[in-house]
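This report describes selected structural features, one topic at a time. Please keep the sequence and the structure in view while reading.

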Amino acid sequence: MSRVRPGRDDSPDRLYTLTGGRSGTGSTAFDVVTLVVSECEPVPGMQSEHAAILRMCRFPTAVVEVAAGLGLPVSITRILLADLHDTGRISARHPRPTSYRLPDHDILEQVLVGLRNL
Amino acid sequence: MDSAISEQRPALSSTADNGLKIVVVGGFGVGKTTLVRSVSEIRPLNTEETMSQAGEGIDDTGGVAAKTATTVAFDFGRISLDARNVLYLFGAPGQERFWFLWDRLFSGTLGAVVLVDTRRIADSWYAVDRLEHHGTPFVVACNDFGGPAHTAAEIRDALDLADEVPLVFCDARSRESSKQVLISLVEHLKNVVAADPEHGRRPVPEPAP
């Protein structure tokens, strides 16, 4: 916990600029473990964070990994992802269980098998 | 813009499509990151979430900003379970200010591990209380710091732990031991589901301010 925390000491102005002044997406679709996959390559002139996301997500990458990779808070990352998603440049694989609902027995069995195989 | 971290991270399988999460919660220095590191396939990463809270219904008489921003940093690691399922482990501080973000970050979590240092059991009271309140299934794992041994009964008593909540002992530095903690949580989850299929489908009470 002694490492530099991303975003903490960043100028709020910088974060504000990154998102075009928005502080929320009005959408909670992107869970921290939603897996993001690029649907195209970065193009010249693209906002650098958008380009970085497209490079980072050539293979499935969780929202929280994108945030850590960008060095930005999760909430800011979600806004950037929403921009890319709205324009079809990324796709999102959302987690199956929904909020506060226990996963079904099959998923738990799969988790157990996976853990035992570690 | 790509950081060195993302370059070094092994990529997930292109078939991965289901992110799962388990939260490891505990007091400062109890070994959360150590446990995550022990089982993670990536070096634990650190990020944070911020949330601004509007002062609801409170007149801002003092000219003080009506919004306050709370920032919570957390570590996480990753385990690819199979071709489709990927488990993310979040190490999160157990202090009061963290719980503010529980709904936002960790809703839909499979369950939680409360990591306890038996020399500082009081550090875990708040986490146990909040998880019970939320109805989030959890296990208690006592990390071995080589202090005076306590019996399971003593620890249960000190935490006022319900009988059905598993209590395990572990060494967070050990991959095998940390893996067993996660397995005990998932086995507990199976028991919870079997005993009460409607568990967690009740409305979630609002967290206390």
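Two strands are said to pair if DSSP finds at least two bridges between them. This term is needed for the first topic below. The model discussed here is a predicted one.

## A sheet in chain A

Chain A contains an open sheet of three strands, arranged in the order β2-β1-β3 with antiparallel pairing.

Strand β1 of chain A covers residues 35-38, and its antiparallel pairing with β2(A) runs over two bridges. Within this pairing, V36(A) has T61(A) in β2(A) as its bridge partner. In general, the strands of a sheet pair through backbone hydrogen bonds, in either a parallel or an antiparallel manner.

## The nonpolar core

The largest nonpolar core comprises 82 residues. Among the residues with the most contacts inside this core are V63(A), V64(A) and L81(A) from chain A, together with Y88(B) and L89(B) from chain B. Helix α4 of chain A, residues 74-86, supplies the largest share of the core, namely seven residues.

When its neighbours within four places in sequence are left aside, Y88(B) is in contact with V33(A), A62(A) and V64(A) of chain A, and with G19(B), L20(B), K21(B), F76(B) and R78(B) of chain B.

## Organisation of chain B

Chain B has seven helices and seven strands. Along the sequence, these elements follow the pattern α-β-α-β-β-β-α-α-β-α-β-α-β-α. Of the 209 residues in chain B, 42% are buried. Among the contacts in chain B with a separation of 6 or more, 75% join residues 24 or more positions apart.

## Two packed helices

In chain B, helix α2 (residues 32-39) packs against helix α7 (residues 175-195) at an angle of about 100 degrees, and their axes are 8 Å apart. Angles of 65 to 115 degrees count as roughly perpendicular; α2(B) and α7(B) are therefore roughly perpendicular to each other.

On the α2(B) side, the residues that meet α7(B) are L35(B), S38(B) and V39(B); their counterparts in α7(B) are R175(B), S178(B), K179(B) and L182(B). Classified by type, this contact has three nonpolar, two polar and two charged residues.

## A loop residue with positive phi

D160(B) is located in the loop between α6 (152-159) and β7 (167-170) of chain B. Its phi is near 55 degrees, a positive value in a residue other than glycine. D160(B) counts as exposed because it has 10 C-beta neighbours inside 10 Å, and the cut-off for an exposed residue is 12 or fewer.

Notes: Residues are numbered from 1 along each chain as its sequence is written. Chains are lettered from A and ligands numbered from 1 in the order in which they are written. This is a predicted model: local features need pLDDT of at least 70, side-chain atom pairs count only at pLDDT 80 or more; totals for chains, interfaces and linings use all residues. A nonpolar core is a set of buried Ala, Val, Leu, Ile, Met, Phe, Trp, Tyr and Cys residues joined through C-beta atoms within 7 Å. A residue is buried if 20 or more other C-beta atoms lie within 10 Å of its own, exposed if 12 or fewer, and partly exposed in between; C-beta atoms are placed from the backbone. Helices (H or I, at least four residues) and strands (E, at least two) are DSSP runs, numbered from the N terminus. Two residues are in contact if their C-beta atoms, placed from the backbone, lie within 7 Å. Axes are lines fitted to C-alpha atoms, for helices over the stretch in contact, and angles run from 0 to 180 degrees between N-to-C directions. Angles under 35 degrees count as roughly parallel, over 145 as roughly antiparallel, 65 to 115 as roughly perpendicular and the rest as oblique. Ala, Val, Leu, Ile, Met, Phe, Trp, Tyr, Cys and Pro count as nonpolar, Asp, Glu, Lys and Arg as charged, and the others, Gly among them, as polar.
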